[in-house]
Amino acid sequence: MENKSFYKNLVDTSLRGDLISPADALKCLSDSEVDWFTLLNAAFEVRQYYWGRSVAIHIINNAQNGHCPEDCNYCAQARTSEADIEDYPIKDDSEILDEARRAYEAGAFRYCMVFAGRGPNAKRVERLAGLIAKIKSNYPIEVCVSAGLMNQEATDVLKRAGLDRLNHNLNTSQSHYPKICSTHSFEDRLTTLKAAQRSGIGLCSGAIFGMGESPSDVIEVAYKLRDVGAVSIPVNFLLPIPGTTLKTFTPLSPEYCLRILSLFRLINPSSELRVAAGREIHLRQLQAFSLFPANSLFMEGYLNTTGNSAVQTLQMIKDAGFSIDSTHELDDLLGRLERDADCRSQTSQVEGVILKQLRDLRPSKRVSGCS
Ligand code: SF4
C-alpha cells in the first residue's frame, strides 16, 4: 500500500490549488497499491474544507422527452435510439412551474430543466427566459437549464432572465468523443460552455463513465472540466437503457466509481461535485460513501430512469451524518415526506435500469392513488 505521504501530498496539492500529476491521477484510478478507502478519506478532507458536510439536492425535470435529432449513442432520446421511453413535446409553462414548486417543497437547492434537442431557436430561448424569470420570482431556488448547443446571443438572454447555471456536459475526453456521437463534436460543446461563461452564467458540466473509456480518458475529462472552470460537475455512471445504440458498456465496480469521484474532487477541489445518474446501480450498498467526495446528488431519479425515492435519499444523507443545503430542515422534510409517502416513495431499493413512467415524468399531471 502507498505510504501516508502519498495521500497527504494529494490533499496538500489539491488544497493549494495545484494540479495532481497525471501519474498520481492514474495511480488513484488503477493502482491497487492505492487503497480506495484511504483515497476516499483524502478526498473527504478536501470536500470538507470547501463544503463542510452539506449536501445540495437537485431535482431534474425532463421538460421535453425524446424528439432529438442528435445521435449520442448512450442517450435514450437520440434519434438512433429504440428505447421504449415516454416521449412528449415540451411541457406547457404551468406544468413546468408546478413542478418547480414541487421541487422547492421537496427541499431541492436547484431545479434542473432539461430540453432534448440540438439546441434552442430564438423563440425557444425567449420562452426559456420567461420560464426562468417566473420560477425565480416565485421560489427561492436556483435554476439550471440544459438545452443543447447555444451561442452567446442565447446565453445572454438566459442570463438576463436570471439563470444560475447552464448544464452542458463534456461527457468524456476529446479523443473518446467521436466514439459516442457523430452529429456534433467535443469542440461544439466547448463553444457552448465558453458562450455561457462569457455571459456570466455558472457552468455545470460533467461526464458519464462506463462508455468504454480508459482511465486516461477519465483523467483527461477531469482536467478539462477544471480547465473550462466548471463550478458544478455531475458525475454519471452509465445506465445502459435497452434500445440505446452504445455497444461498449463497461461494467463499473463500486470501488472504481468511488475512485473516480475521489479523483474528481482532488482535481476540482472547490467545484460542486454531484454523484448523478447510476449511483443506485453502480455503487449499490456503498452509495452513502459517495457523499465523502461529492457534495451534491439527484433526488427522485434521472432523466428517463428511476432512482431511490426522496425518503430513501434523505434518510441516507441523515444516516451518513450529512446535512442538506436547503431552506428546509432535514428532519422536518423527512417527516413530511414520510407522512405524505406516495407511490414513488414506497418504491424499494433500485436494482436495475427501470424506465420512468408518465406519472414519474409528469407528476403534476398524475391521478391520485398508486397503481
Ligand atoms: S443532444 Fe442531448 S438529448 Fe439529444 S441525443 Fe444527445 S444527449 Fe440525448
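Which residues is Y111 in contact with, leaving aside its neighbours within four places in sequence? I looked this up and found I59, N61, A100, A103, I135, I141 and V143. Two residues are in contact if their C-beta atoms, placed from the backbone, lie within 7 Å.

**Basis of the entries.** I note that this is a predicted model, in which local features need pLDDT of at least 70, side-chain atom pairs count only at pLDDT 80 or more, and totals for chains, interfaces and linings use all residues. Residues are numbered from 1 along each chain as its sequence is written.

**Confidence.** I looked up pLDDT, the predictor's confidence in each residue, from 0 to 100. Its mean over the protein chain is 92, and 95% of the residues reach 70 or more. Over residues 343-347 pLDDT stays under 50, and the model has 12 contacts beyond four places in sequence for them. Residues 367-371 are also below 50, and this stretch has 2 contacts beyond near neighbours in sequence.

**Core.** I then turned to the largest nonpolar core, which has 112 residues. Such a core is a set of buried Ala, Val, Leu, Ile, Met, Phe, Trp, Tyr and Cys residues joined through C-beta atoms within 7 Å. A residue is buried if 20 or more other C-beta atoms lie within 10 Å of its own, exposed if 12 or fewer, and partly exposed in between, with C-beta atoms placed from the backbone. Y111, I132, V145, L158 and I260 touch the most other members. Helix α9 (residues 254-267) gives the most to this core, with 9 residues. Helices (H or I, at least four residues) and strands (E, at least two) are DSSP runs, numbered from the N terminus.

**Helix α12.** In α12 (residues 330-339) I found L333, L334 and L337 buried. They lie on the same side of α12 because they cover an arc of only 100° around the axis, taken from the directions from the helix axis to the C-beta atoms. On the other side of α12, D331, D332, G335 and R339 are exposed. The buried residues of α12 pack against α11 (310-319).

**E142.** Is E142 buried or exposed? I recorded E142 as buried, because 20 other C-beta atoms lie within 10 Å. E142 belongs to strand β3 (residues 142-146). Not counting residues up to four places away in sequence, E142 touches F109, R110, D164 and R165. From E142 to G162 I noted 20 residues in sequence and 9.2 Å in space, C-alpha to C-alpha.
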